[in-house]
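Please open the model in a viewer and keep the selection tool at hand. The stops below are meant to be followed in order.

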Amino acid sequence: MRCPRLPPARWCRPGAVDAGGDLMGYLDLYVLPADVLITPLSGLPATYREQIHAEADEYAVTRPRSRLASTVVDASTAALLERFRQPRTIVDAVVELSLAEGLDPRAILDDAAQMVRRFADQGVLAPADSPLAAPIVAELALGDRLGAIEVLEPVQVLVDVEVHRGRAADGTPVAVKLARRAADASARTALAHEARVLDWLGGDVAPELMASGDLDGRPWIATRWCEGVDAATAAAALRGADADAVPGALLRLAEAVLEAYCRLHAHGVVHGDVHPRNLVVDGTGIVTVLDFGTSVLDGGRADDHADGRPGVDLYAEPEVAEAALAGAPLPAPMPAGEQFALGVLVFVLLTGDHPYGFTADPRELLRRILDRPPSFDDRLSGLAGIEHVIRRALQPRPVDRYASTAALLDAFRAAVAARPSARPASGPRSRPAASDRLMATVLDRLAPKGAWFDPPSVADPMVMHGLAGRAWAMLRCAESRGDPGLLAVADVWSTEAAVAVADLRGKVSLLHGAAGVHVVRLAVARARADEAERADALAAFVDAASEPSEGADVTHGRAGLLLGCCALLHDALPEERRRLTALGVRLADGLEADGNASYGVAHGTAGRLLALLRWSEATGVPPAERVAERLDTLAGAVAGAARRQQSVYPGAVRDARQSLVASWCNGAAGLVHVWLAAYRVLGDDRWIRLAEQTGRAVEPGAGPTSGDLCCGLAGQAYALLALYRAGGEARWLESSRRLAEGAAEVISRVRPDVRDSLFAGEPGVATLAADLAHPADARMPLVDP
């Protein structure tokens with residue numbers, strides 16, 4: 001059976017767990033909802049089947065109106081699913097299928113159970129006695145009435161709640177929110193609680209509660225309809241109106257948001273779900289707060305609140321982060337915690353960036369909130385007073401924040417009033433035009449129906465020049481933008497690479513072999529919170545990297561595979577970590593040997609030493625003494641090559657071009673990463689000084705003819721970003737941005753056959769452009785774990 005693709009965790013039905021959890025017993029009854037379609041692909045034209053890499057004897061499983069794309073399955077999986085048209089246990093379905101096809105039911109029972117669990121997580125299968133077994137359709141229709149409220153049209157239909165536009169008896173437009181039949185007790189409690197909070201607020205700051213009631217045991221509320229757009233959309237429009245400044249109108253929007261929460265807290269209500277899409281901004285700039293299902297009524301009624309919180313998101317405070325990482329119950333919303341969330345929100349509205357960096361991995365964001373200060377990257381340059389206000393709101397300890405939201409609002413207003421009347425030219429700016437256009441072009445070409453998508457312009461699955469490299473580029477753009485649509489496209493490219501990975505048999509390397517494909521698969525799965533796919537990709541990486549490798553370098557051999565181990569170690573489970581560690585020890589053995597005459601990162605000594613240093617960082621095990629000796633030798637050899645203006649690759653001509661001297665693969669840009677790793681591991685200031693000296697050789701970017709990652713300006717920019725991350729010096733960030741602009745300008749000159757390559761073409765520069773939006777998290781693809 002071909003394993004179905006899992007959806008992102010946020011799209012799974014409530015209560016779902018991974019395949020190894022106790023989701024269901026083998027004797028539970030499950031049913032295939034009537035709206036699920038299982039369609040043979042034999043009726044599709046052969047050309048279309050080729051484009052989706054499907055065979056004529058396979059099937060498409062689709063649930064219309066769900067958020068999931070169709071899944072292609074083989075005939076056995078389709079036959080098993082069809083057994084659930086009537087309620088069946090897993091055992092019954094397997095036995096029936098085995099009898100029909102002459103199979104041993106004991107041999108397929110566990111695989112079948114895992115498949116059923118996965119489709120149950122997707123909502124394709126459902127418990128027979130659950131409302132989830134019903135088709136996903138709006139439960140209210142045009143003309144239906146809830147009391148005196150007439151239903152007009154659906155606005156949003158979710159698994160537990162649906163929202164409709166409606167009309168009161170006097171013609172007043174209203175929003176109707178109804179708990180669906182599939183809603184569990186907590187969802188129904190939250191909706192009833194929201195009605196109480198809205199009644200308490202009386203239409204101030206929040207929509208006016210017009211009516212509430214009960215439909216067959218399901219609560220509903222009707223509130224006055226709020227015209228306008230969400231705060232994220234309003235802020236984006238204002239930022240676009242003045243790309244080189246924080247416009248006064250944008251500051252007024254931020255002030256209006258703080259004022260709304262100040263008034264909310266004055267009513268004794270803590271919202272508990274700060275998010276720009278829970279704020280509606282009307283044409284006059286008035287902000288209305290929505291969604292009070294998890295709010296807390298304070299002011300003498302603190303015990304009156306809904307159970308639980310909406311979950312952990314980009315606006316979680318440190319108190320929530322600490323509890324979530326520890327697996328403890330999340331604390332109830334408090335004014336001090338909401339102040340932290342508002343500090344994040346104001347920064348996001350003003351800049352379009354997140355002070356802790358956007359990431360699709362929620363646990364990584366929690367660790368950042370706890371372990372490091374916010375990074376503003378000069379985005380509020382010239383508005384020091386406002387930056388100071390936000391920094392205080394983002395203090396890790398509640399006691400160090402403002403005494404109240406009212407005090408935060410007063411401080412913000414004072415900072416706005418004291419700002420310069422005109423923003424300095426050195427203030428924050430949008431990404432320069434060339435890189436912006438290049439990234440938009442690449443995203444368009446990699447999107448469904450884009451020039452590189454249908455059919456794929458290359459079929460090689462490798463990272464360096466193939467499908468997995470495209471997946472990586474889409475993943476970084478998705479993470480930079482916080483865009484689930486781009487993440488879905490990254491998953492498509494990752495899947496394409498995985499399907500074709502057999503073509504790489506015999507190529508045992510990170511950038512040219514199957515191992516790299518699985519590293520990309522794992523990164524995409526991690527971003528999608530797809531635990532089963534993550535674990536499968538990690539196991540596949542270990543298998544691929546355990547094959548005998550003839551080379552020892554980063555590009556084609558064991559050093560690159562060791563860097564792959566480093567990338568996977570940090571969130572591996574204990575047994576996975578044991579396997580990765582054993583593999584890493586085997587790969588590291590002998591890498592410090594002299595090897596060939598090349599000193600470069602891609603093919604020579606520098607790359608092997610970089611892998612060993614990174615391995616020491618990842619495992620906490622000091623490197624062998626021989627590594628320090630080899631670093632000394634390398635530094636001396638590089639100094640001699642620099643005096644002669646040569647590449648550190650002996651095969652280059654004596655008067656090598658500056659692009660080779662500064663390149664990542666065979667030049668100074670790659671060496672910056674080595675010296676920085678040496679400084680982190682060995683602690684000798686000599687290495688950070690050498691890294692900065694080498695960075696100054698990269699910084700000018702003079703005379704290159706290539707913009708790519710491997711040999712050109714993009715790889716050089718990543719070296720300067722590494723220096724910026726190491727010391728926070730603004731010059732490195734500005735220089736990396738300048739190199740990125742140059743890369744975007746010249747990359748179109750690359751050979752047509754590698755234009756769609758991650759390391760030699762436009763996707764690599766697009767990845768750099770995406771990373772520059774959050775430079776504190778920018779890393780050279782795959783080789784900078």
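**Stop 1**

Select Cys710, which counts as buried at 13% relative accessibility; buried means under 20% relative accessible area, exposed over 50%, and partly exposed in between, with a 1.4 Å probe and protein chains only. The model is predicted, so local features need pLDDT of at least 70 and side-chain atom pairs count only at pLDDT 80 or more, while totals for chains, interfaces and linings use all residues. Residues are numbered from 1 along each chain as its sequence is written, and side-chain values use heavy atoms, with hydrogens and water left out.

Cys710 is placed in the loop between helix H24 (685–698) and helix H25 (713–727). Helices (H or I, at least four residues) and strands (E, at least two) are DSSP runs, numbered from the N terminus. Show the surroundings of Cys710: apart from neighbours within four places in sequence, Cys710 is in contact with Met464, Ser663, Trp664, Cys665 and Phe759, where contact means heavy atoms within 4.5 Å.

UniProt, in an unreviewed entry, places the feature "binding site" at Cys665 and Cys710. Although these positions are spread over 46 residues of sequence, they cluster in space, with a largest C-alpha distance of 5.5 Å. UniProt positions are given in the numbering used here, feature names are shortened, and annotations may be inferred rather than shown by experiment.

Cys665 belongs to the loop between helix H22 (658–661) and helix H23 (668–682). With 2% relative accessibility, Cys665 counts as buried. Beyond neighbours within four places in sequence, the contacts of Cys665 are Gly600, Val601, Ala602, Cys710 and Cys711.

**Stop 2: Ser509**

Move to Ser509, in the loop between helix H15 (484–499) and helix H16 (514–527). Is Ser509 buried or exposed? Its relative accessibility is 2%, so Ser509 counts as buried. Display the side chain: a polar atom of Ser509 lies 3.1 Å from the backbone nitrogen of Gly513. Leaving aside neighbours within four places in sequence, residues in contact with Ser509 include Thr555, His556, Gly557 and Leu561.

**Stop 3: aromatic pairs**

How many aromatic pairs are there? The count comes to 4, where rings of Phe, Tyr and Trp (its six-membered ring) pair if their centres lie within 6.5 Å, and planes under 30 degrees apart count as stacked, over 60 as edge-to-face and the rest as tilted. Select Phe340 and Tyr356: their ring centres are 6.2 Å apart and their planes at 25 degrees, so the pair is stacked. Phe340 lies in helix H9 (residues 335–351) and Tyr356 in the loop between H9 and helix H10 (362–371), so the pair ties together parts that are 16 residues apart in sequence. Both Phe340 and Tyr356 are buried.

Then select Trp675 and Trp687, a stacked aromatic pair with 5.5 Å centre to centre and 20 degrees between the planes. This pair links distant parts of the chain, with Trp675 in helix H23 and Trp687 in helix H24, 12 residues apart. Trp675 is buried, with a relative accessible area of 1%, and Trp687 is buried, with a relative accessible area of 2%.

**Stop 4: the chain as a whole**

Finally, clear the selection and view the chain. Its secondary structure comes to 27 helices and 17 strands, and 53% of its 785 residues count as buried.

Note on methods
Polar contact = N/O pair within 3.5 Å; in protein donor to acceptor, adjacent residues only side chain to side chain.
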